[in-house]
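Please read the report below alongside the sequence and the model.

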Amino acid sequence: MKCEEALTKIEAYIDHTLSGRELEEFLEHVKSCRECYDELETYYIISVGMRYLEEENLESYNIPKMLQEDLHTRERQVRRRNIFRKTAVFLGVLFFIVLLVLVLSYLGHQELPRLF
Ligand SMILES: [Zn+2]
């Protein structure tokens, strides 16, 4: 993802409206690009700060730290989604192989592999 694209996605990141793939690319970019991270932090502080003002929540918050926690949480979500997807593909392939072996052995083209 390039900077121009990342900058257009900041609002969507804050509003939680990025798709899984977009979120992954966005997180990768802001982790490695200081400028976009600073831009994200500015937007985040404004948006979260406004929300707290509206809620008349006057306690002091460390908003930059909240952003870092938010980034970590979403990174974990992306990682979990990827692991889930890989597991699903692996199980699909495994199921297909088992099915193939069963079909072939049923047709008498091949003996079932002896495991013991
Ligand atoms: Zn950038």
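## Report on the chain

Y37 has a relative accessibility of 9% and therefore counts as buried (under 20% relative accessible area, with exposed over 50% and partly exposed in between, using a 1.4 Å probe and protein chains only). The model is predicted: local features need pLDDT of at least 70, side-chain atom pairs count only at pLDDT 80 or more, and totals for chains, interfaces and linings use all residues. Residues are numbered from 1 along each chain as its sequence is written, and side-chain values use heavy atoms, with hydrogens and water left out.

Y37 is located in helix 4 (helices are DSSP runs of H or I with at least four residues, strands are runs of E with at least two, and both are numbered from the N terminus). Apart from neighbours within four places in sequence, Y37 is in contact with V30, P64, L67, Q68 and L71 (contact means heavy atoms within 4.5 Å). Y37 and I10 lie 27 residues apart in sequence, with a C-alpha to C-alpha distance of 9.5 Å.

Two packed helices are described by the angle between their axes and the distance between the axes. Helix 3 (residues 20–32) packs on helix 4 (residues 34–54) at an angle of about 110°, and the axes are 5 Å apart. Here axes are lines fitted to C-alpha atoms, for helices over the stretch in contact, and angles run from 0 to 180 degrees between N-to-C directions. Helix 3 and helix 4 are therefore roughly perpendicular (65 to 115 degrees; under 35 counts as roughly parallel, over 145 as roughly antiparallel and the rest as oblique). Helix 3 contributes F26, H29, V30 and S32 to this contact, and helix 4 contributes R34, C36, Y37 and L40. By class, the contact has 5 nonpolar, 2 polar and 1 charged residues (Ala, Val, Leu, Ile, Met, Phe, Trp, Tyr, Cys and Pro count as nonpolar, Asp, Glu, Lys and Arg as charged, and the others, Gly among them, as polar).

Which side chain makes a polar contact with that of E24? The partner is N82, at 3.1 Å (a polar contact is a pair of N or O atoms within 3.5 Å; within protein, one must be able to donate a hydrogen and the other to accept it, and residues adjacent in sequence count only if both atoms are side-chain atoms). E24 sits in helix 3, whereas N82 sits in helix 5 (residues 63–106). Beyond four places in sequence, E24 is in contact with V78, R81 and N82. E25 is also in helix 3, and its C-alpha atom is 9.9 Å from that of V78, 53 residues away along the chain.

H16 lies in the loop between helix 2 (10–14) and helix 3. Most residues other than glycine have a negative phi. H16 is not a glycine, yet has a positive phi of about 60°.

The table lists relative accessible areas.

| Residue | Relative accessible area | Class |
|---|---|---|
| E24 | 14% | buried |
| N82 | 16% | buried |
| E25 | 27% | partly exposed |
| H16 | 55% | exposed |

Of the 116 residues, 25% are buried. Among contacts with a separation of 6 or more, 58% are between residues 24 or more positions apart. The accessible surface is about 9,100 Å², with 60% of that belonging to carbon and sulfur atoms (Shrake-Rupley method with a 1.4 Å probe; for residues, only the protein chains shown count as cover).
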